[in-house]
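Hi,

Here is the structure I promised to pass on. Have a look at it first, and then read my notes below.

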Amino acid sequence: LTDKSIGVVGYGHLGKFLAEKILRDGRALGLTLAFVWNRNPEKLKGSVPAELVLSDLSSFADRRCDVIVEVCHPQIVEEFGPRFLARSHFMVGSPSALSNPDLNEKLRQAAQQYGHTLYVPSGALWGGQDIQRMNDSGTLKALFIRMSKHPSCFRLTGDILSDWAEGEGRRVLFRGSVAELCSLAPNNVNTMAAAAVAAGALGFTGVQGEIVSDTELSDFHVVEVEVTGPDGFSVHTVRRNPARLGAVTGSATYNSFWNSLLVCKGHGGKVYLC
């Protein structure tokens, strides 16, 4: 088993989970931690060995890395994504960044040029590989995703949810293309962004989405996916992802991310949903 060294960019709940799991379980799976970077390095003290802390992200190339995992903010994908791909495989934990067509194209070109894979984790998306297969065979006609969460779990760029009240029930916040949703709720719609990558022919403007605030959902995030194919073919899945109040990421997504990371072994210079 060849050792794979992993760089983790971001140390929120997900970054912390991945770094700790690599340190604890990685050796048996052939994974080592190359570095951890966080915007606020104070958060790393006492939990990440000092020699693994990367203080300046611009010097990432000084650490040998097979895979760099971004789990912090779409801005980092924009700023460093092409540079990461020049050196290693890159798993983008904020695929909402790919809704920017220029950046999307830049990352695809970098992957192709350097022979590295741009990995997009499926996260809370159920059936992503099936959607991708339908897309690749030309049978995917339409894709719709609805994400329903407690209002405390949303991080929105506008103030459309600032007036929520306990017990108000269900409120549709926005319905439209995933491209529009990515700019409105970049931290909340990575599942939709992963679906838009899987459904490449429809893309971010063709895949439709809806975000719903529901005060009844105190223990779960709900993700509904409706896939439409030819001749009346359709699939409708409902996934309940356990989540604490205020949590942007549901608990089942952590293990989904870990499983995605284990897949990042190099699939050529392309985009790969894992």
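Before the notes, one cut-off: a residue is called buried when its relative accessible area is under 20%, exposed when that value is over 50%, and partly exposed in between. Keep in mind, too, that this is a predicted model.

One joins the side chains of Arg 133 and Asp 130, with N and O 2.9 Å apart. Both residues sit in helix α4, which spans residues 128-137, and because they are 3 residues apart there, about one helical turn separates them. How open is each partner? Asp 130 has a relative accessible area of 44%, so it falls in the partly exposed class, while Arg 133, at 52%, is exposed.

A second pair is another story. Glu 224 makes a salt bridge with Arg 146, and their closest N and O atoms are 3.3 Å apart.

Asp 163 counts as exposed, with 52% relative accessibility, whereas Arg 171 is partly exposed at 23%. Going back to Glu 224 and Arg 146, they belong to a network with Arg 175 and Glu 210, joined by salt bridges that share partners.

While you are on strand β6, which covers residues 142-149, look at Ser 148 too. Is Ser 148 buried or exposed? Its relative accessibility is 6%, so Ser 148 counts as buried. Which residues is Ser 148 in contact with, once neighbours within four places in sequence are set aside? They are Val 212, Leu 217, His 221 and Val 222.

Last, a word on the annotation. An unreviewed UniProt entry gives residues 169-253 as "domain: Aspartate dehydrogenase". In the model, that span is 27% helix and 39% strand, and its end C-alpha atoms lie 25 Å apart.

Happy browsing!

Note on methods:
Residues numbered from 1 in each chain as written. Predicted model: local features only at pLDDT ≥ 70, side-chain atom pairs only at ≥ 80, totals over all residues. Heavy atoms only, no water. UniProt positions renumbered as here; feature names shortened; annotations may be inferred. Helix = DSSP H or I, 4+ residues; strand = E, 2+ residues; numbered from the N terminus. Buried < 20%, exposed > 50% of the residue type's maximum accessible area, 1.4 Å probe, protein only. Contact = heavy atoms within 4.5 Å. Salt bridge = Lys/Arg side-chain N within 4 Å of Asp/Glu carboxyl O.
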